[in-house]
Amino acid sequence: MAVGAKQQTLSTVLTEKKVISEEQYAQACDYQKQHSVSLDQALMDLNILAQEDLIALYRDVLQVHFLKLEDVEIDREAVRHVPASVAHRHHLIPVRRSGNSLAVAMTDPTDPQAMAALRSVTDFEIIPFVGRYDAIEHALYVHYGDPANATDAADVSPGDHVIRARALLEDERIGQVGKSVQLNRSQTFDSFVADTANEFPLNVARSISDLHGDEEYNPFHCWGAEGCGKSHLLQAIANHVLAHSPLKRCVLTSGQRFVDELFASIRDKKVNFFRYLYGELDLLLIDDAEALLTRDWAQRELGETFRNLQRKGKRLVVASRHNLATEPRLIPDLRVALESGVIAGFSAYSVLARMDIARRHANGVDLKDDVLSELVARSNTSQRDLLDLLQQVTVMAALSQKEVTVELVRDLINLCGKVAAETPADRARTLFDLSPLGGAKNSL
């Protein structure tokens with residue numbers, strides 16, 4: 001069992017990792033004794049940590065997995081092995097029995113009293129999972145009934161449980177601190193267009209994604225104009241780590257999100273928890289880092305986060321539109337940190353590479369080389385302009401069901417200057433004089 005193997009409890013993690021301050025821990029312990037509740041309940045009642053914070057602790061430090069009870073069919077046979085009084089008193093629900101093992105969802109899988117109570121009523125090996133408080137509350141009611149009717153459950157207050165569950169559901173501070181933005185699974189190294197413009201940063205990114213390589217790559221700062229591929233590269237790193245090292249903690253976030261999370265943590269007096277979540281990562285990726293430039297306090301925090309990661313052999317990657325090391329608004333401490341690693345800029349893609357990018361984003365529309373060449377030439381070096389033109393061309397091809405020609409692309413570009421406020425479909429309809437039923441009056 002993961003918890004037993006590590007010999008750690010919630011209490012030891014909170015104190016040894018300094019997730020919360022000593023004053024907050026003492027306050028929670030006093031509350032725990034006064035109200036006869038578990039430590040995690042005390043932390044939530046006092047608004048020191050939210051339930052999502054506790055779930056992150058159980059998952060990332062104690063290696064106890066989160067179980068979404070709403071998606072699980074609870075085995076009534078498993079429920080019969082644990083008395084109602086034990087389940088209600090320690091706020092846990094048996095979920096599944098497999099051989100000599102009993103899976104149990106708990107609010108605090110590290111609670112020694114809860115584990116001792118389970119061992120006293122069953123000989124099965126207990127496999128603990130962490131579950132949301134309100135989900136367990138609902139499961140207890142469904143499978144065991146009202147706690148007031150449970151034997152030896154006089155110390156359980158159903159009213160308090162319901163109030164606490166409702167408070168958790170309404171707690172807007174349960175946020176995304178220390179979590180990745182949603183990854184685009186299609187943005188991988190295989191889908192990345194390699195070119196002389198990005199050969200060096202691509203090689204560095206591949207090395208970093210394997211979570212090994214030269215220490216000189218730490219931190220890695222890549223920069224380049226909008227649409228040059230740096231965001232794709234960060235997504236590719238995160239997707240590679242997720243696929244090949246699922247037990248490693250990798251977070252992809254943005255500069256603005258880092259600033260917002262830090263501000264909210266300072267406001268809610270949870271900055272220690274913020275530092276813990278970011279300091280325990282294996283790899284931190286920050287895209288669009290320009291948002292940090294106007295917040296000295298956020299820059300200082302990122303510098304401290306990097307030093308914590310570096311001491312543990314962990315890595316930081318930062319991407320932006322400009323070289324941050326040359327920015328006068330960057331604090332000296334963070335500039336020194338960036339310059340101690342490697343800084344790589346993206347140059348402009350070659351014509352052939354940009355044609356390859358356009359071909360890959362054509363959404364199945366077969367575009368001739370002369371059309372692709374015209375698109376590339378007309379969009380100068382801007383990837384955004386190229387993809388915008390490509391979107392309009394593919395919409396036109398879909399609406400008209402005709403072959404796209406160079407002349408059409410030129411007409412489109414001339415038209416865009418006149419109806420720039422319209423959508424791609426509107427532009428296509430104007431250009432082709434489409435009827436309401438979608439029939440094209442003009443041929444290509």
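Predicted model: local features only at pLDDT ≥ 70, side-chain atom pairs only at ≥ 80, totals over all residues.
**Close-up views of selected loops and helices**

**View A. Lys 269 occupies the loop between α13 and α14 (271-279).** Helices (H or I, at least four residues) and strands (E, at least two) are DSSP runs numbered from the N terminus. Residues are numbered from 1 along each chain as its sequence is written, and side-chain values use heavy atoms, without hydrogens or water. Although Lys 269 is not a glycine, its phi is positive, at about 60 degrees. With 65% relative accessibility, Lys 269 is exposed (buried: under 20% relative accessible area; exposed: over 50%; partly exposed: in between; 1.4 Å probe, protein chains only).

**View B. His 91 lies in the loop linking α7 (84-90) and β1 (92-98).** This non-glycine residue, His 91, also has a positive phi, near 55 degrees. His 91 is buried, its relative accessible area being 2%.

**View C. A cis peptide bond joins Asn 218 to Pro 219.** Its omega is near 0 degrees. Pro 219 belongs to the loop between α11 (199-209) and β4 (220-223).

**View D. Helix α16 (residues 332-339) has Leu 334, Arg 335, Ala 337 and Leu 338 buried.** These residues lie on the same side of α16 because they span an arc of only 160 degrees around the axis (taken from the directions from the helix axis to the C-beta atoms). Pro 332 and Val 336, on the other side of α16, are exposed.

**View E. Phe 263 is part of helix α13 (residues 255-267).** Phe 263 is partly exposed, at 47% relative accessible area.

**View F. Glu 407 is part of helix α20 (residues 406-416).** Its relative accessible area of 49% makes Glu 407 partly exposed.
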